[in-house]
Amino acid sequence: MTKQELTECIDRYGRDLYAFCRHLTGSIQEADELYQDTWLKTVELSERIDAGGNVKSYCLSVALKLWNNRRRKYAWRRRIAGVREDLDRDGMGEIPDKGRGPEECLLAKDRDRQVRRAVCELPDRLKAVVLLFYMEGFSVAQTAEAAGISEGTVKSRLHQARKLLREKLEGVLNE
């Protein structure tokens, strides 16, 4: 992949990648760092990337692998040194209203905030699959490829995540 093609990819997929990092980490600072690390790793591996292939999926899988490695390091440090991890779970990007009245907008924003919070509270292995499948619109096969797991595992994790979200959001979604 050439520098020109890489620049086009950053322009084309940068917003989606940042949104994915933001939802995955739940923190602006962590998302900024993960976003930068992902592009650095992508530049480093640019020789291996097929510009005609699914570059967005490749970048998302790089971000997911970097995040999983970072989470493992945090867990290891916490066990050894007792380091406390603080994640900002609020302040996720707002979803714009689409011609609704003020009351409907307020209710919709509140509902969206509660759904995002519930997704952020999912275990990381479930959250990553939910974000790839629903936020990025990946198919089960694409999600499996990006996450480095089997399609059956993706389906199982989606089922588990839906069940947990249904329990957490029962009152919110029925309104």
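Me: Contact means heavy atoms within 4.5 Å. By that rule, what share of the chain's contacts with a separation of 6 or more comes from residues 24 or more positions apart?

Reply: In this predicted model, such residues account for 64% of those contacts.

Me: How many helices and strands does the chain have?

Reply: The count is 8 helices and 0 strands, and from the N terminus on the elements run α-α-α-α-α-α-α-α.

Me: What makes α1 and α2 a crossing pair, and which hand does the crossing have?

Reply: The axes of α1 (residues 3-25) and α2 (residues 28-44) come within 9 Å and cross at roughly 145 degrees. The crossing is right-handed. On the α1 side the contact includes L6, I10, L17 and Y18, and on the α2 side it includes A31, L34, Y35 and W39. By class, the contact has 13 nonpolar, 4 polar and 3 charged residues.

Me: How do you know how the reach of α2 compares with the expected value?

Reply: α2 has 17 residues and reaches 24 Å from its first C-alpha to its last, close to the 24 Å expected at 1.5 Å a residue.

Me: Why are residues of α2 said to line one face of the helix?

Reply: Buried means under 20% relative accessible area, and in α2 the buried residues are E30, A31, L34, T38, W39 and T42. Seen down the axis of α2, these buried residues fall within an arc of 160 degrees, so they line one face. In general, an α-helix has 3.6 residues a turn, so residues three or four places apart point the same way.

Me: Which residues of α2 are exposed on the other side?

Reply: Exposed means over 50%, and Q29, Q36, L40 and E44 are exposed there.

How values were computed. Residues are numbered from 1 along each chain as its sequence is written. This is a predicted model: local features need pLDDT of at least 70, side-chain atom pairs count only at pLDDT 80 or more; totals for chains, interfaces and linings use all residues. Side-chain values use heavy atoms; hydrogens and water are left out. Axes are lines fitted to C-alpha atoms, for helices over the stretch in contact, and angles run from 0 to 180 degrees between N-to-C directions. Helices (H or I, at least four residues) and strands (E, at least two) are DSSP runs, numbered from the N terminus. A crossing is left-handed if the near helix is turned anticlockwise from the far one by less than a right angle, and right-handed if clockwise. Ala, Val, Leu, Ile, Met, Phe, Trp, Tyr, Cys and Pro count as nonpolar, Asp, Glu, Lys and Arg as charged, and the others, Gly among them, as polar. The expected span of a helix is 1.5 Å times one less than its number of residues. Buried means under 20% relative accessible area, exposed over 50%, partly exposed in between (1.4 Å probe, protein chains only). The arc is that of the directions from the helix axis to the C-beta atoms.
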